[in-house]
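I opened a notebook on this model today. Here is what I looked up, entry by entry.

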Amino acid sequence: MDYEGFFRDQLESLRGEGNYRVFADLERHRGQFPRAKRHVNGETSEVTVWCSNDYLGMGQNPVVLAAMHEAIDRCGAGAGGTRNISGTNHYHVMLEQELADLHGKESALLFTSGYVSNWATLTTLAAKLPGCVVLSDEMNHASMIEGIRHSRAERQIFKHNSPEDLERRLAAIEPGRPKLVAFESVYSMDGDIAPIKELCDVADSYGAMTYLDEVHAVGLYGPRGGGIAEREGLMDRLTVIEGTLGKAFGVVGGYIAASTALCDFIRSFASGFIFTTALPPHVAAGAAASIRHLKESQLERQRHQMNVRKVRQRLDAIGIPYMANPSHIVPVMVCDPVKCKWISDILLDTYGIYVQPINYPTVPKGTERLRITPSPLHTDADIDHLVGALESLWSRCALARAVA
């Protein structure tokens, strides 16, 4: 077989469909988020980032950076190994305590990423509980899907955000079987929010555990940044709350918060935890500082929501279509992969605006979009520049369609 030829042909197919992913070579400016330096063929230019999941700019916050510098000076660069051999540092212990407190749980457990925390926890729970049935929302993230699949447990997919379909499925399962209901709070591409209370009501009535992925909500919602479940007073209803340190908290890593016994169970049986090097201590220190800051400060969340409203109002005023939702995510709907990438390329090359195109398989074909994530650090001038550029490009697309 011509292996290299096969690889090239597959990549060419992606390019022809408009689904080939190009990574922009960017260098973030310390203290100047959302500004970044773009590198192309030895030349540099300044861009404004409009698609970062560092939702609050905490990756540039002086409190976070100071904590990381202090920890690296104290402990050095690496963790030294896996947690069970030589890699548990006191900063890990303190961060887990902060996370347990954030979510009102007895305990928490750190992972190297949000993907790994979902994959390892769901795999372990579903595989180890005898005869477990996992009921998974049809829009769940790839990390949840892979974890459930790897467990080899029975899996049922319920309709997105539908307590009615969940109940129908739970009612058909033998009462004595272990059951786990897995869903997200904020869905990252459409920006819709799960009916957490109603899903918990159904799960409780059938004796099912609940697993909530809050990765796109922690830091952003709730009086202390505990997520949608905290905002709605529902944290005690969830068996497991999973989150990330790599989005609103501004660093990297994932975690679960749950009972002491459940966290210890995952710690003791999950290969994705046991056999991987721990987070560097300075990352844990930065995450803990970020969480402590956002437990007390409302300013970042308030400015964030204000800028989300401004962007939506400006898009409404010029008739740019976006998917309405109750969260902070603004999906501008292009609905064509080639045009989506064309708009993204022109925004970057001509206007210095960085917004990656979101195409299949991240979203279904025909729903391609520009996923805009306003931050509290975008200025009114930034918003004016973004909206003006989109208006110009939308007009050019409309003219091209009319000529065709």
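**Ground rules.** I am working with a predicted model, where local features need pLDDT of at least 70, side-chain atom pairs count only at pLDDT 80 or more, and totals for chains, interfaces and linings use all residues. I number residues from 1 along each chain as its sequence is written, and side-chain values use heavy atoms, with hydrogens and water left out.

**Gln60.** I looked up where Gln60 sits: in the loop between strand 3 (43-49) and helix 2 (62-75). Helices (H or I, at least four residues) and strands (E, at least two) are DSSP runs, numbered from the N terminus. Is Gln60 buried or exposed? Gln60 counts as buried, because its relative accessibility is 13%. My cut-offs are under 20% relative accessible area for buried, over 50% for exposed and partly exposed in between (1.4 Å probe, protein chains only). The Gln60 side chain comes to 2.8 Å from the backbone nitrogen of Gly31. I then checked its contacts (heavy atoms within 4.5 Å).

**Arg237.** I found Arg237 in the loop between helix 9 (228-231) and strand 9 (240-244). Arg237 is partly exposed, because its relative accessible area is 22%. Beyond its neighbours within four places in sequence, Arg237 is in contact with Lys197, Cys200, Asp201, Asp204 and Thr210. Arg237 and Thr210 are 27 residues apart in sequence, yet 8.0 Å apart in space, C-alpha to C-alpha.

**The second largest pocket.** A pocket here is an open set of points on a 1 Å grid over the protein atoms alone, where a 1.4 Å probe fits, with protein on both sides within 12 Å along at least five of seven lines; lining residues have an atom within 4 Å of a point. How many residues line the second largest pocket? I noted 14, with Leu56, Gly57, Asn61, Glu300 and Leu377 nearest its centre. Helix 13 (residues 299-318) gives the most to this lining, with 3 residues.

I traced an open sheet of 3 strands, in the order 11-14-13, with antiparallel pairing. Strand 11 (330-333) and strand 13 (357-358) are the edge strands, each pairing on one side only. Two strands pair if DSSP finds at least two bridges between them. Strand 11 and strand 14 (residues 369-372) pair over 4 bridges. Met333 stands opposite Arg369 in strand 14. From strand 11, Val330 and Val332 point one way, Pro331 and Met333 the other, and all are buried.

Notes:
Polar contact = N/O pair within 3.5 Å; in protein donor to acceptor, adjacent residues only side chain to side chain.
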